[in-house]
Amino acid sequence: MTNPTVAVVGAGIIGCLIAREVISRSPDTPVVVFDRDGIGSGASRRSAGLHFPRGATERVRRMTAYSHDFYERLVTEDPALPIHPLDMAIVATETAAHVDEVYLDRAALTPAQAVPNELVRVPGEAGVWLGKGCHYADVSGVAQAIARRLRPHVTFREGVRVTAVEDTGSEVLLRLGTGETCTAGRVVLAPGPWLADRAWKSLVAPANSRVKKVVALHIEREPEPEDGVVVFQDEDAFLLPLRHRGHWLFSYTCQEWDVDPDTVARGLDENVLAEALPLLRRYSPALADRAVGGRVFCDGYSADRQPQVRPLDPAGRVIFAGAANGSGYRLAPAIAAEAVALLQGDGQPTQPSKEMSPA
């Protein structure tokens with residue numbers, strides 16, 4: 001008899017939503033989620049949690065639309081979730097046609113003369129578009145809230161590291177750091193930036209994904225209630241008002257590759273500041289002077305800059321879901337739907353899953 005258990009390795013936002021998707025489709029499926037640390041404690045804890053309706057490819061735009069609808073439904077079902085809507089302004093030197101190609105219709109972009117924030121200045125060669133459909137989240141808090149709802153249906157094993165993933169021919173054997181073993185009919189690896197973990201390095205390696213440093217500066221200035229996110233399209237950077245924390249966040253594209261997620265998150269250094277501050281000063285000298293801290297972490301990046309959801313073995317018993325290119329939160333619902341569709345053999349995500357019936 002086929003082992004019905006689904007094991008998910010990684011309890012970040014992607015792993016938690018995969019578990020939710022399995023239970024939403026098949027409520028009686030035994031699901032166990034492993035994490036070497038706590039729920040939402042890896043990249044999810046350091047993520048800016050920004051969702052905006054855009055995508056550089058057709059697939060990513062579809063995934064963005066799917067995730068957008070999913071999060072809207074999730075907030076409707078649970079208004080207490082730490083998800084905060086906000087407007088956006090886009091600063092770009094690209095043509096309006098190209099900006100319209102990248103952003104979804106639901107962004108409702110309209111040209112403007114300036115960013116509605118006197119702290120941000122726009123270079124003469126750039127244009128401004130105002131839009132909607134954004135939110136930001138405390139990603140760790142969202143993951144924990146989802147896990148809380150799942151606990152009557154799902155077993156979470158926090159602080160339990162998976163040390164080996166072995167296909168026995170009929171099921172998958174997981175060796176654990178506790179000395180135990182666990183067997184599952186199907187396994188989803190959602191390890192975030194821990195692509196090189198020895199337990200699955202050889203399985204993941206053929207995908208040629210890499211791990212890149214992600215950096216954001218914290219700006220000690222209180223956002224106003226009406227402040228929205230400002231996206232600097234050409235530089236792939238943004239200014240985000242973290243209202244619930246009482247400060248701004250400036251995220252820029254760091255180009256430090258092949259970093260170790262166990263050592264990279266040691267804080268800012270002079271190289272980071274040398275890269276980030278000149279860009280911030282170009283757009284907002286006043287905010288640059290208040291940038292006194294920040295966060296450093298990393299994420300997995302694919303060669304084509306699209307999330308990877310793929311089987312890692314011929315039988316399809318082990319699925320990889322990740323390499324989200326810094327957009328793990330934004331695309332997590334769609335990644336989860338694609339991963340579970342592969343598990344079930346249909347290969348296509350469904351509409352956003354309905355809320356589980358209460359236990």
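Predicted model: local features only at pLDDT ≥ 70, side-chain atom pairs only at ≥ 80, totals over all residues.

Trainee: How many bridges join strand β13 to β14, and do they run parallel or antiparallel?

Mentor: Residues are numbered from 1 along each chain as its sequence is written, and side-chain values use heavy atoms, with hydrogens and water left out. Strands are DSSP runs of E, at least two residues long, and helices are runs of H or I, at least four, numbered from the N terminus; two strands pair if DSSP finds at least two bridges between them. For β13 (residues 229-232) and β14, the run is antiparallel and the number of bridges is 3.

Trainee: Which residue of the hairpin of β13 and β14 takes a positive phi?

Mentor: V230 stands opposite L239 in β14. The hairpin has 4 residues between the strands, and the residue with a positive phi, near 55°, is D236.

Trainee: Why is β14 described as largely enclosed by the rest of the structure?

Mentor: Buried means under 20% relative accessible area, with exposed over 50% and partly exposed in between, using a 1.4 Å probe and protein chains only. A237, L239 and P241 point one way from β14, while F238, L240 and L242 point the other way, and all are buried. β14 (residues 237-242) is largely enclosed because the buried count is 6 of the 6 residues.

Trainee: Which residue in the turn between β14 and β15 has a positive phi?

Mentor: β14 and β15 run antiparallel, joined by 5 bridges, and L240 stands opposite L249 in β15. Their hairpin has 4 residues between the strands, and the one with a positive phi of about 85° is G246.

Trainee: Which residue in β10 is the bridge partner of L174?

Mentor: β9 (residues 172-176) pairs with β10 over 4 bridges in the antiparallel sense. In β10, the partner of L174 is C182.

Trainee: How many disulfides are there?

Mentor: A disulfide is a pair of cysteine sulfur atoms within 2.5 Å. C254 is in none, as the nearest cysteine sulfur, that of C298, is 11 Å away. C254 is also buried, with a relative accessible area of 2%. By this rule the number of disulfides is 0.

Trainee: At what angle do helix α1 and helix α3 pack?

Mentor: The contact (heavy atoms within 4.5 Å) is made by residues including L17 and R20 of α1 and Y66 and F70 of α3. The axes of α1 (residues 13-25) and α3 (residues 58-77) are 15 Å apart. Axes are lines fitted to C-alpha atoms, for helices over the stretch in contact, and angles run from 0 to 180 degrees between N-to-C directions. α1 is roughly perpendicular to α3 (65 to 115 degrees), and the angle is about 75°.

Conventions: Parallel < 35°, antiparallel > 145°, perpendicular 65-115°, else oblique.
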